[in-house]
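Let's take a slow walk through a protein together. Have the sequence and the 3D view open, and look up each residue as we get to it.

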Amino acid sequence: MYAALDAIQQGDTPWQSFSAKYTGPIPTDSDPPPWMTAEHQIWCRDILTVIRQILANPEFDGEFNYSAYREYVNDERRYSNVMSGNWAWKQSDIIAEDPSTHGSMFVPLILGSDKTTVSVATGHNEYYPLYLSIGNVFNNVRRAHKNALVVVGFLAIPKSERKHTNSAQFRKFRRQLFPQAHLRFCCRIAAIPAFAGLRRFPEGRDFKQWTGDDSKALMKVYLPAIAGLLPRDMIRTFSVFMEFCYLVRRSFITEQTLHEISGALDRFWHYHKVFEITGVRAEGFSLPRQHSLDHYVQHICNFGVPNGLCSSITESKHIKAVKEPWRRSNRFEALGQMLITNQRLDKLAAARVDFASRGLLQGTVLSDALQHIELEAGDNGDNPDDVDTADASSDWESGSDDKFDLEDDPEPARARNQHVGDVDGIPIDDRDILAHVELARHRAFRYPWTFEGLAAYLNLPSFEEMALRFVYEQTHRDDPDTLDAEEVPLVDCPSLTGRVSVFHSASTTFYAPSDISGIAGMRRERIRATPSWRSGPGRYDCVFVNNNEADGFRGLLVARVRMFFSFSDDNILYPCALVEWFSPVGNEPDTDTGMWIVEPDFDPNGRRSLGIIHLDAIVRAAHLIGVSGETQLPIGFKHTDPLDVFAAFYVNKYADHHSHEIAF
């Protein structure tokens, strides 16, 4: 097998090595530190060969800029990829001054490096990989990796005895060798409801080791947790800082967005003085990372949006380029084995792209077999879609998602007992897929199949009437003279005789290039409405629902899904959701957190206001966090309780970047 992999010609870029050592003054009056005399080995690949392979990759067709450009939308400049910035434009002008370069292509190089540890327990297993990409590929391609980000070197990490690590000589050599309210708060963090792609903190933030990913995850739920516990200007400081962070991470930044970024930064400098006034930072601030905020607007204009250049791209690449190859090694002098593994993986990836460009690898062995089965069934007069699997699955309980439709749950069993968040949000690579919502592949069993029976099961006598008015509204929505569905006599509504199928989830696919997404910027997430989630209490997610053509949250409604179901009437299939409605509090977002606040709607009898909506009305999942104010949550308050207990909720626009773009 290894011989066959090594024989692949595509993507073949062998590793080379060279040594470097300290060449500065060495003390003569005492023994020099070992690092001064040691040779440090550096492994690398031929950069030009790697660049040629990236340029020749047919997978980047349509996702590639051949020249610098300036993009305008409605007469407003828009920045996105590296080649859309002023720097690429200026460099192209400089290159064009030489007549011999006419007809050539400008290829900016992007390098990134970051130390990673593969084994904390054994120690000394640290590596410093160097990654390369080119500025011509779109940012979404680079963020999805897709062979546009390649490991081209492993830099040496010089070691020294503790007494020498802080010496000026050693630190300079390292720089030359490579580049470089608690309890109440925790209770609130632990009580945050589940959401696709959102990490949970079941013990607040009580960690022995805190990582950058932990900080990013905490950032998404931080504001509602501190609201009411800290002075208002402190909350506003965090609010405008997060607004700045989410704005600069967008995949497309217009001149208006640049204006909003500058405004958020001005407000941050204004509000952050509260930390000096209250004595938290009485000596003031002198933090390099805060100072760097002032340069973002200028660098966005020059180099495009940071979303395609941030260090998180290389950090996530560590898993495939460093950690997994290290695990495959025998741990003894592992680097050489890791280099070979990376070379073989690159060959496999290049060969796969080559095969696909020749029309091979269309589908899988399983999909081909299923296609033949369907063709044979069609020849025999059978319709495979009419097969009822109820008998084969009669032992499945309707109230347990652990036994229900394992294909619909992409999370591996190993991760289910870890609090790493809900991995239902996944990137989608298909370029041709459109934004849509669809029910789960299989229906849930042991539910009544009639509207009358389901109404009794739900203890909702008005359910059948709601369905009748829903169908009337759907069949008359193009008639401008029709009455409102609530005003139509029931005798004028169509009768419903078809069977009803209940589902425990639905998936929504949407364009979200600012988040972790596929090569075309598409992302899919699952919305749950199940009476038991992971052998525990039920989970009923919230959703954004289209309301009107207004921008942002003013054009949306928020609802909580109580049940997904479908039925047919007059040969038309209606995929639906039974939802509980929320209404916004006020006409503007909350002034402290910048988030909209919503509260549950109730009918005249004091029960939650319900409605039936078509699945097409759902935009995607919404994340609501209870407004606690100064109230202390009881110890043991569970994350499954807030949506049933709180009287008001923040619409969390920081749950992910797409939420931030639509819930403003």
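What you're looking at is a predicted model, where local features need pLDDT of at least 70 and side-chain atom pairs count only at pLDDT 80 or more, while totals for chains, interfaces and linings use all residues. Residues are numbered from 1 along each chain as its sequence is written, and side-chain values use heavy atoms, with hydrogens and water left out.

Let's start at Ile612, which lies in strand β20. Is Ile612 buried or exposed? We call a residue buried when it has under 20% relative accessible area, exposed when it has over 50%, and partly exposed in between (1.4 Å probe, protein chains only). Ile612 is buried because its relative accessible area is 12%. What does Ile612 touch? Contact here means heavy atoms within 4.5 Å. Not counting residues up to four places away in sequence, Ile612 touches Phe463, Met466, Ala467, Phe470, Phe565, Cys576, Ala577 and Leu578.

Rolling a probe the size of a water molecule over the atoms shows where empty space is left. Grid points are joined across faces, edges and corners, and a volume is the space filled by probe spheres set on the points.

The second largest pocket holds about 1300 Å³ of space. Its lining has 44 residues, and Met466, Leu578, Leu610, Gly611 and Ile612 are the ones nearest its centre. Which helix or strand gives the largest share of that lining? That's α20, with seven residues. You can find α20 at 463-475 and β20 at 610-614; these two are among the elements that each supply at least two lining residues.

Now for the largest cavity, with about 80 Å³ of space. Its lining includes Arg188, Pro224, Ile625 and Phe646. Both α9 (222-226) and β22 (624-626) give two or more residues to that lining. By class, the cavity lining has nine nonpolar, two polar and one charged residues.

Next, the cores. In soluble globular proteins, nonpolar side chains tend to be buried together. A nonpolar core is a set of buried Ala, Val, Leu, Ile, Met, Phe, Trp, Tyr and Cys residues joined through side-chain atoms within 4.5 Å. The largest one here has 31 residues, and Phe564, Ala577, Leu615 and Ile618 have the most contacts inside it. Among the elements giving two or more residues to this core are β17 (556-569), β18 (572-584) and β21 (618-622). A second, separate core has 28 residues, including Tyr79 and Tyr654.

What about cysteines? Cys576 counts as buried because its relative accessibility is 0%, and Cys245 is buried at 18%. A disulfide is a pair of cysteine sulfur atoms within 2.5 Å, and a search of the whole structure finds zero of them.

Most residues other than glycine have a negative phi, and most peptide bonds are trans. Asn74 is not a glycine, but has a positive phi of about 55°. Asn74 lies in the loop between β3 (71-73) and β4 (76-79), and counts as exposed because its relative accessibility is 75%. Arg331 has a positive phi as well, about 75°. Look for Arg331 in the loop between α15 (311-328) and α16; at 44% relative accessibility, Arg331 counts as partly exposed.

Methods:
On a 1 Å grid over the protein atoms alone, a cavity is a set of points where a 1.4 Å probe fits but cannot get out, and a pocket is an open set with protein on both sides within 12 Å along at least five of seven lines; lining residues have an atom within 4 Å of a point. Helices (H or I, at least four residues) and strands (E, at least two) are DSSP runs, numbered from the N terminus. Ala, Val, Leu, Ile, Met, Phe, Trp, Tyr, Cys and Pro count as nonpolar, Asp, Glu, Lys and Arg as charged, and the others, Gly among them, as polar.
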